[in-house]
Amino acid sequence: MRGLLGLGVQQPTVFYNWNAMIASVGDMMFRYWNPHIERMPLTDLQKLQENRLRSVVRFVSAHSAFYRQRFAEAGVAPEDITKLSDVAKLPFTTKLDLRNTYPTGMFCLPGDWIVRYHVSSGTTGKPTVVGYTQGDIDMWTDSLARALTSIGLGRGDVIQVGYGYGLFTGGLGLHYGAEKIGATVLPMGTGNTERQIELMQDLGSTAIACTPSYFLYINEVAQQMGISIRDDTKLKVGVFGAEPWSEETRKRIEEATGIKAYDIFGTSEMSGPLFTECHLQNGIHVWADYFLIEVLDPKTGEQVGEGERGELVVTTLDKWAFPLIRYRIGDLTILNTEVCECGRTHPRIMRILGRTDDMLIIRGINVFPSQVESVLLRMPEIGEQYQIIVDRKGPLDVMTVKVEVTEKAFSDKISDLMSLSKRVAKELQKVLNVSAEVELVEQGTIPRSMGKAQRVIDKRKV
Ligand SMILES: [Zn+2]
């Protein structure tokens with residue numbers, strides 16, 4: 001593409017965002033897709049949110065019997081919402097509401113406005129359906145265009161999309177966002193791992209978007225093929241999400257492959273993947289002109305203090321086929337409202353610990369799989385693949401952590417392995433406050449996943 005310039009051929013301007021170009025002069029990492037919005041002074045941003053909140057509340061009240069009823073039950077009318085803090089007067093919505101109104105009972109526009117559906121897999125219950133107007137798709141795409149720009153991607157990049165295409169939002173979401181910023185998309189989808197690696201080399205992928213566990217697997221297969229991601233490919237960026245992952249996994253990925261690993265967040269109910277960290281890797285910027293977020297105590301529903309952990313609750317501010325009012329996502333996070341060093345004023349959510357749904361209760365103690373991951377990956381002898389198996393022996397919950405050991409550490413000396421397993425158990429006990437049996441296994445034992453990894457097998461539910 002760049003060679004065309006030399007021939008005097010005009011670059012197509014259709015992909016180009018002039019604002020992004022102006023702001024990109026100077027330090028290339030400080031690029032913005034829409035600097036006016038991304039760096040908007042906080043007071044202006046809040047004013048914008050306030051206006052949009054009023055509009056969306058009036059809109060759902062006028063267009064949805066579901067919300068009219070909910071508002072009536074809560075004794076709140078659209079006129080009661082004048083300032084931003086009035087959001088607390090509005091009732092919550094949950095996944096159960098989506099299921100109970102399946103398929104389209106919470107939509108606010110008739111079918112001829114809808115240009116696309118996405119549907120959740122329904123593995124844990126009835127599936128949920130999300131519908132989009134063209135404007136909703138544009139908002140989603142714009143969110144990702146800002147996010148991908150904030151991690152330094154743009155024209156000239158080849159973005160390999162290794163999320164599933166289809167009813168799942170990951171593939172198409174990334175695809176549209178990447179095209180919007182003028183990058184080249186390699187729409188791989190999941191699976192076909194050897195071909196992923198071949199095309200990564202042949203077409204010069206500079207970025208990949210997939211689950212972190214799948215990327216670890218891609219790296220494993222590459223090594224078996226005699227290919228080093230660091231030396232034999234152009235890959236420099238990974239956009240990882242769709243499953244919780246830890247800071248330790250980030251370190252492992254970056255050290256093993258030389259790429260920068262970024263966290264991406266979004267859920268199908270909100271649109272799909274929407275937000276990433278900026279290049280500073282210190283929290284995920286949530287676009288406040290599009291989404292109003294609250295972090296609340298899951299038990300009381302009250303706002304938690306600054307820097308405290310709580311449940312993420314979202315109100316959409318510019319999404320019309322399927323707006324959401326105070327939707328309880330179920331993810332636990334910490335809100336950071338300080339202006340980021342990158343210049344963006346939009347709030348950040350710190351690394352997602354997991355969903356309240358993912359939380360295991362073992363002998364009365366809350367355990368998140370991501371906590372187990374953090375403990376394991378701090379030890380250099382431990383590989384990246386693990387599984388948590390929970391069972392019940394008599395009245396007692398028993399947690400077994402099955403984990404792969406690196407080839408180097410998998411020595412024949414039984415005593416070494418025994419002392420390692422004791423050490424792992426001790427660390428787990430220290431952090432989780434609950435004891436676990438540790439089973440060390442050889443590399444390649446735990447099944448690999450092309451999408452979301454199955455980290456937990458809870459036999460108590462069977
Ligand atoms: Zn930032």
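Trainee: What should I keep in mind about the model before reading its features?

Mentor: The model is predicted, with local features needing pLDDT of at least 70 and side-chain atom pairs counting only at pLDDT 80 or more, while totals for chains, interfaces and linings use all residues. Residues are numbered from 1 along each chain as its sequence is written, and side-chain values use heavy atoms, with hydrogens and water left out.

Trainee: Which residues are the protein donors of the zinc ion?

Mentor: Donors are N, O and S atoms within 2.8 Å of the metal (3.2 Å for Na, K and Ca), and since water is not among the atoms, sites may look incomplete. Here the donors are Cys278 (SG), His285 (NE2), Cys340 (SG) and Cys342 (SG), at 2.2 to 2.3 Å from the zinc ion, and their spacing in sequence is C-x6-H-x54-C-x1-C.

Trainee: What geometry does the site of the zinc ion have?

Mentor: Ideal angles at a metal are 109.5 degrees for four tetrahedral donors. Four donors count as tetrahedral if all angles lie between 85 and 135 degrees, and with angles of 101 to 116° among its four donor atoms the zinc site is tetrahedral.

Trainee: Is Cys278 buried or exposed, and how many disulfides are there?

Mentor: Buried means under 20% relative accessible area, exposed over 50%, and partly exposed in between, with a 1.4 Å probe and protein chains only. Cys278 is buried at 0%, as are Cys340 at 6% and Cys342 at 1%, and Cys108 is buried too, at 3%. A disulfide is a covalent bond between the sulfur atoms of two cysteines; the rule applied asks for a pair of cysteine sulfur atoms within 2.5 Å, and by this rule the count is zero.

Trainee: What is the strand order in the open sheet of four strands?

Mentor: Strands (E, at least two residues) and helices (H or I, at least four) are DSSP runs numbered from the N terminus, and two strands pair if DSSP finds at least two bridges between them. The order is E19-E18-E17-E20, with mixed pairing. Strands E19 (437-441) and E20 (456-458) stand at the edges, each with a single partner strand, so one side of each is left without a neighbour in the sheet. Strands E17 (residues 382-393) and E18 (residues 396-405) run antiparallel and are joined by nine bridges, with Tyr386 opposite Val403 in E18.

Trainee: Which residues does Ser421 touch, leaving aside those up to four places away in sequence?

Mentor: Contact means heavy atoms within 4.5 Å. Ser421, in helix H14 (residues 414-432), touches Val438 and Leu440, and Ser421 is buried at 19% relative accessible area.

How values were computed: Tetrahedral: all angles 85-135°; square planar, octahedral: opposite > 155°, others 65-115°.
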